[in-house]
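Welcome, and please open your viewer. We will go from selection to selection, with a short note at each stop.

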Amino acid sequence: MKKYIVRSFLIFILLLSNTIVNTQQKPTIAVIGTGYVGLVLGVCLAHSGNHVICADIQKNKIDQLSKGISPIYEPGLEELLRESLQKNTISFTTDTAQAIRDADIVFIAVDTPTKTSGESDLTALINVTHTIAQNLTSYKIICIKSTAPIGTCTYIKELIKNSKNSSCDFDMACNPEFLREGTAVHDFLNPDRIILGTDSEKVSSVLREIFSSFCPSAPVLTTNFETAEMIKYAANSFLATKISFINEIAHLCEALGAYVNIVAEGVGLDKRIGKSFFLPGPGFGGSCFPKDVTALLHMAQANNVDLKVVKACLDTNDAQKMHVVDKILSHCNGDVRNKTICILGLAFKANTDDVRFSPAITVIEQLTAHGAQVKVYDPKAMVTMKKVLPHIEYCASVEDALAKSDMVVIMTEWEEFKKLDLEKIKNRSHNPIIIDTRNILNTTTLRNLNFTYENIGNAQINSY
Ligand code: UDX
């Protein structure tokens with residue numbers, strides 16, 4: 001009996017100490033900035049059992065988020081947000097200083113937009129840095145998630161060191177994010193790799209522990225701040241270049257009668273090249289590629305390095321948007337003044353309501369400047385586009401947008417557009433010319449139905 005009591009007591013002590021260790025081991029994480037990166041990071045960390053406080057200066061955003069409403073459309077995000085709120089693993093505040101004081105680890109995920117000069121605007125990042133320096137109430141790990149120019153981490157570290165008003169210590173890290181909009185939750189939880197820039201062994205082991213809470217098998221590459229920062233810019237610029245490259249090849253395919261999608265497949269089957277991210281289209285958009293490529297060029301210029309390939313990637317992208325406009329104009333003998341053109345798709349890609357740098361903006365602006373009547377429809381991005389282009393006709397459905405249109409231009413690869421009933425469209429009294437900038441429509445059906453039709457990189461379509 002005595003032996004039993006002693007054993008039970010030992011087990012009790014063991015369990016208690018484990019609880020204490022676990023409590024001590026679970027750090028409180030603050031995420032500053034609830035944009036695409038910050039919000040997905042905060043929600044996914046909370047979903048993986050971490051205790052997270054998300055802070056943002058925009059009160060309406062925080063109010064919405066506290067009620068479980070996501071301010072952005074991102075598949076799966078709102079569900080995880082509500083689950084985490086219910087489990088009490090996440091909270092939202094506008095009090096950034098308090099969030100920092102309460103945290104052991106602070107992830108900074110604020111905006112770093114591009115200035116007109118091409119340089120990254122670090123105002124928000126520096127503001128947060130000052131708040132951190134004034135609220136360093138205990139040892140903290142400060143991790144920069146925002147995409148920021150090479151040298152930013154070292155700079156921010158110095159800034160905190162020189163302006164902090166306590167004797168508490170801190171460490172820095174840089175952990176660039178590679179998630180894509182539209183698949184952000186999936187990408188965050190299943191990364192190909194995790195890049196960690198740090199100068200501290202301790203930070204490396206604490207952050208690896210956090211990463212293993214949501215993706216235990218992802219390879220973690222640890223390096224210095226500058227290399228980690230460069231990896232993000234190099235990755236995005238390479239991907240953007242891959243798109244510009246296939247768009248240029250598409251152009252030549254149009255001139256020579258080759259089929260670019262088959263070319264891309266044939267080229268991509270070479271494992272050194274790869275088939276993914278090799279689709280021709282109306283040019284890349286979004287908040288990252290144009291911004292990051294521009295920032296890389298700016299850094300190169302400031303250091304007297306001429307990045308010819310990267311520069312060409314941007315030029316080709318601008319030309320690709322105009323190539324779409326030229327296609328439209330050429331079908332109307334250069335005059336669209338009495339034409340009604342239906343634009344299907346406003347988002348810069350499918351599964352997002354984001355229209356930042358969307359090629360649809362350039363195409364619509366050009367068409368209205370040429371005097372065309374433009375009607376638009378997008379399943380998710382109408383509200384966001386109305387803020388950018390308020391004076392075009394927004395239609396409630398594909399049907400409404402198609403009505404009396406002389407031409408249909410598909411700008412975004414939404415599932416809904418892939419399933420367009422082409423026969424029904426052909427049988428209307430007014431059957432339109434179709435320009436498919438995403439190559440999503442079945443060319444055999446289009447040909448059999450005798451549509452006047454064009455896509456990207458297959459101009460000789462009627463000859464086979
Ligand atoms: C990108 C990067 O992929 C991501 O790693 C980084 O974190 C942020 O920037 P995102 O901007 O969400 O993500 O979009 P992405 O899916 O990469 O597409 C970017 C643009 O390229 C879109 O306009 C898309 O339509 C275009 N694209 C993409 C193509 O034209 N062809 C392709 O094969 C792939």
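How are H10 and H13 oriented to each other? Before you select them, a word on the ground rules. This is a predicted model, in which local features need pLDDT of at least 70 and side-chain atom pairs count only at pLDDT 80 or more, while totals for chains, interfaces and linings use all residues. Residues are numbered from 1 along each chain as its sequence is written, and side-chain values use heavy atoms, with hydrogens and water left out.

**Stop 1: H10 and H13.** Select residues 225-256 for helix H10 and 308-330 for helix H13; they pack at an angle of about 45°, with axes 9 Å apart. Helices here are DSSP runs of H or I with at least four residues, numbered from the N terminus. Axes are lines fitted to C-alpha atoms over the stretch in contact, and angles run from 0 to 180 degrees between N-to-C directions. H10 and H13 are therefore oblique to each other, a word for angles that are not under 35 degrees (roughly parallel), over 145 (roughly antiparallel) or 65 to 115 (roughly perpendicular). The crossing of H10 and H13 is left-handed, as the near helix is turned anticlockwise from the far one by less than a right angle; clockwise would be right-handed.

Next, show the polar contacts (pairs of N or O atoms within 3.5 Å). Ligand oxygen atoms lie 2.6 Å from a backbone N or O atom of Glu-181, 3.1 Å from one of Phe-278 and 2.9 Å from a polar backbone atom of Gly-285. The protein covers 93% of the 670 Å² of accessible area that the ligand has on its own, by the Shrake-Rupley method with a 1.4 Å probe.

**Stop 2: H2 and H4.** Finally, select residues 36-47 (H2) and 77-86 (H4), which pack at about 50° with axes 9 Å apart. H2 and H4 are therefore oblique, and their crossing is left-handed.

How values were computed:
A polar contact is a pair of N or O atoms within 3.5 Å; within protein, one must be able to donate a hydrogen and the other to accept it, and residues adjacent in sequence count only if both atoms are side-chain atoms. Helices (H or I, at least four residues) and strands (E, at least two) are DSSP runs, numbered from the N terminus.
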